[in-house]
Amino acid sequence: MSFTIRKQGEIVVVDVEGQLIVGNRQELKQKVLDELERGEKKFLIDFAQTGYIDSSGLGVLVSLSKKIREQGGELRLANLNDDLRTLFELTKLDTLFQISDTRERALSSF
Amino acid sequence: MPETPPSDAGLRVSLQVDFPSDVAYIERVVDLVRHPCAELAFNRHHLALNVPVALSEALSNAILRANREDPAKRVRVRANVDATKLVVEIVDEGCRFDLDAKTRNPTDAENIEAEDGRGLFLMRKLMDDVERFDASPGGDSGNVVRLTLARA
């Protein structure tokens, strides 16, 4: 389980490798909040290498999205596989986030 | 004449795991339970979504809500898998809770931006059955949450 953060242009891209669950969600939250505090506004979380996400992982995404919007920024998501997409649909979080099929599409959508 | 390998119809795998009340164990325990499900040909959605997410929720609940991360309290997991279904019981040593006490719908417009409140909802959506009963009838603590998922 790890998170890799890199800048692509003016977009902060976060790769979630492994699971996003109760045991590591705070780490993701803190990493993104640190970038937000540094003045970053555009965030993309890429789930291409993600296994599963539990309710607390979803909760962190919701909370980050709200905090980023409050600072005038935006959080977008990319590369949800079938099962992760089902999870977002079940919880209706697909209506809250802008989700792109690929990282490239997400990057060009900002 | 070559022997036909036996089908998995008669196979049953039982597994018991117990661990301290620490969320760091969740991923490992999920993998331990998922393995026999894969051996018994549960489909890829069950293996990638239903089992890991529902079980993670039940384990988090036992560790955080029931045992309150008390290092002296343990969580026990009993899983039985056969060619028809998975039945997994998560047993805690904490205070009794009512699974239905918090029944707000996290998909309602007023709740959609809430950070929490999706755990039980997901367990019910991803499993065929979710039950709770007392771990030791007559005692005053301990819960068993039983998750059942039929092999599709």
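Me: A charge sits over a ring if NZ of Lys or CZ of Arg is within 6 Å of the ring centre and within 35 degrees of the ring normal. Which ring does the charged end of A:Arg76 sit over?

Reply: The ring of A:Phe110. The charged end of A:Arg76 is 4.6 Å from the centre of that ring.

Me: What kind of model is this, and how are things numbered?

Reply: This is a predicted model, where local features need pLDDT of at least 70, side-chain atom pairs count only at pLDDT 80 or more, and totals for chains, interfaces and linings use all residues. Residues are numbered from 1 along each chain as its sequence is written, chains are lettered from A and ligands numbered from 1 in written order, and side-chain values use heavy atoms, with hydrogens and water left out.

Me: Back to rings. How many aromatic pairs does the structure hold?

Reply: Two, over all chains. One of them joins A:Phe88 and A:Phe97, with 6.0 Å centre to centre and 70° between the planes, which is edge-to-face. (Rings of Phe, Tyr and Trp, its six-membered ring, pair if their centres lie within 6.5 Å; planes under 30 degrees apart are stacked, over 60 edge-to-face, the rest tilted.)

Me: Are A:Phe88 and A:Phe97 buried or exposed?

Reply: A:Phe88 is buried, because its relative accessibility is 0%. A:Phe97 is at 6% and counts as buried too. (Buried is under 20% relative accessible area, exposed over 50%, partly exposed in between, with a 1.4 Å probe and protein chains only.)

Me: And which residues form the pair that is tilted?

Reply: B:Phe19 and B:Tyr25, at 5.8 Å centre to centre and 35° between the planes. B:Phe19 has 2% relative accessibility, so it counts as buried. B:Tyr25 has a relative accessible area of 36% and is therefore partly exposed.

Me: Now chain B as a whole. How many helices and strands are there?

Reply: Three helices and five strands. (Helices, H or I of at least four residues, and strands, E of at least two, are DSSP runs numbered from the N terminus.) From the N terminus on, the order in chain B is β-α-α-β-β-α-β-β. The C-alpha trace of chain B spans about 65 × 40 × 30 Å along its principal axes. Chain B has 152 residues, and 46% of them are buried.

Me: What about the contacts in chain B?

Reply: Take the contacts between residues at least 6 apart in sequence: 65% of these join residues at least 24 apart. (Contact means heavy atoms within 4.5 Å.)

Me: How many residues has helix α1 of chain B?

Reply: Helix α1 covers residues 26–39, which makes 14 residues. From first C-alpha to last, α1(B) reaches 21 Å, close to the 20 Å expected at 1.5 Å a residue. (The expected span is 1.5 Å times one less than the number of residues.)

Me: What do the buried residues of α1(B) pack against?

Reply: In chain A, they pack against β2 (11–20) and β4 (50–53). In chain B, the partners are β1 (12–20), α2, β2 (74–82) and β3 (85–91). Among the buried residues of α1(B) are B:Ile26, B:Val30, B:Val33 and B:Cys37. Just after this helix, B:Ala41 has a positive phi of about 65°.

Me: And α2(B), is that enclosed or exposed?

Reply: Largely enclosed by the rest of the structure, because 18 of its 23 residues are buried. Helix α2(B) runs over residues 44–66 and should span 33 Å; its end C-alpha atoms are 31 Å apart, which agrees. At its start, a side-chain oxygen of B:Asn43 comes within 2.9 Å of the backbone nitrogen of B:His45.

Me: Last one, in chain A: where is A:Glu40 found?

Reply: In the loop between α1 (25–37) and β3 (42–46) of chain A. A:Glu40 is buried, because its relative accessible area is 16%. Leaving out residues up to four places away in sequence, A:Glu40 touches A:Lys7, A:Glu10, A:Val12 and A:Glu35.

How values were computed:
Polar contact = N/O pair within 3.5 Å; in protein donor to acceptor, adjacent residues only side chain to side chain.
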